[in-house]
Amino acid sequence: MSLLSRLAVSAARAYGVLSSKSTNVSADYLVVAGGGGGGGYAAEPGSPGGGGGAGGLLTGSFANLPVGSYTITVGAGGNGSGSGNGAAGGNSSFNSQTAIGGGYGAGAYGGGASAGGSGGSGIVIIRYSGAQAAGGGNYSSSGGYSIHTFTGDGTFSTNSNFSPIFSIN
């Protein structure tokens, strides 16, 4: 940039007529928490342990998601139990949207117990229209959408391919 151009930009900024605008993204999200683990059961007839509950599910959209980095938390499935209650599933979250983990399965007590199964893990999926303009998770595209899938904790960063736009006010 020439000296004259740099001086013009500096003067424009000093007088408040040049501003930078961040490019925001509109994004849809799906947040699923981990499922609860099943309870163990005794060998006695009619006394099985209970199944764990499904993890919570949230869907929605952010019409104007600001440029930045967002922590993604993916809840693990709760462990099944050998002879007691299973464990609750873990919560999943994205940008203050938190899906609650599934409840544990109750155990039945007695002799000769069998283990309950573990709950399934959560997942967070974020999609937006157009070419890839963010980073994080496993990236794919389909039907004109960019899709970021998180099966574990991570960071969704909308600034990785975004650039500021300057305008004269």
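Modeller: Before we start, a quick definition: two strands count as paired if DSSP finds at least two bridges between them. And keep in mind that this is a predicted model.

Colleague: Fine. How many bridges join strand β7 to strand β9?

Modeller: Look at residues 123–129 for β7 and residues 145–150 for β9. These strands run antiparallel. The number of bridges joining β7 to β9 is six.

Colleague: What is the strand order in the open sheet of five strands?

Modeller: The pairing in that sheet is antiparallel. Its edge strands, which each pair on one side only, are β3 (57–65) and β8 (138–142). Neighbouring strands are turned by 20° against each other on average, direction ignored. Reading across, the order is β3-β2-β7-β9-β8.

Colleague: Now the open sheet of four strands: which are its edge strands?

Modeller: The pairing is antiparallel here, with the order β6-β5-β4-β10. From one strand to the next, the twist averages 20°. Pairing on one side only is what marks the edge strands, and those are β6 (97–99) and β10 (154–157).

Colleague: And which residue in β5 is the bridge partner of I72?

Modeller: Strand β4 covers residues 69–73 and strand β5 covers residues 92–94. They run antiparallel, joined by two bridges. That count meets the cut-off of at least two bridges for a pair. For I72, the bridge partner in β5 is F94.

Definitions and conventions: Residues numbered from 1 in each chain as written. Predicted model: local features only at pLDDT ≥ 70, side-chain atom pairs only at ≥ 80, totals over all residues. Heavy atoms only, no water. Axes fitted to C-alpha atoms, helices over the stretch in contact; angles between N-to-C directions.
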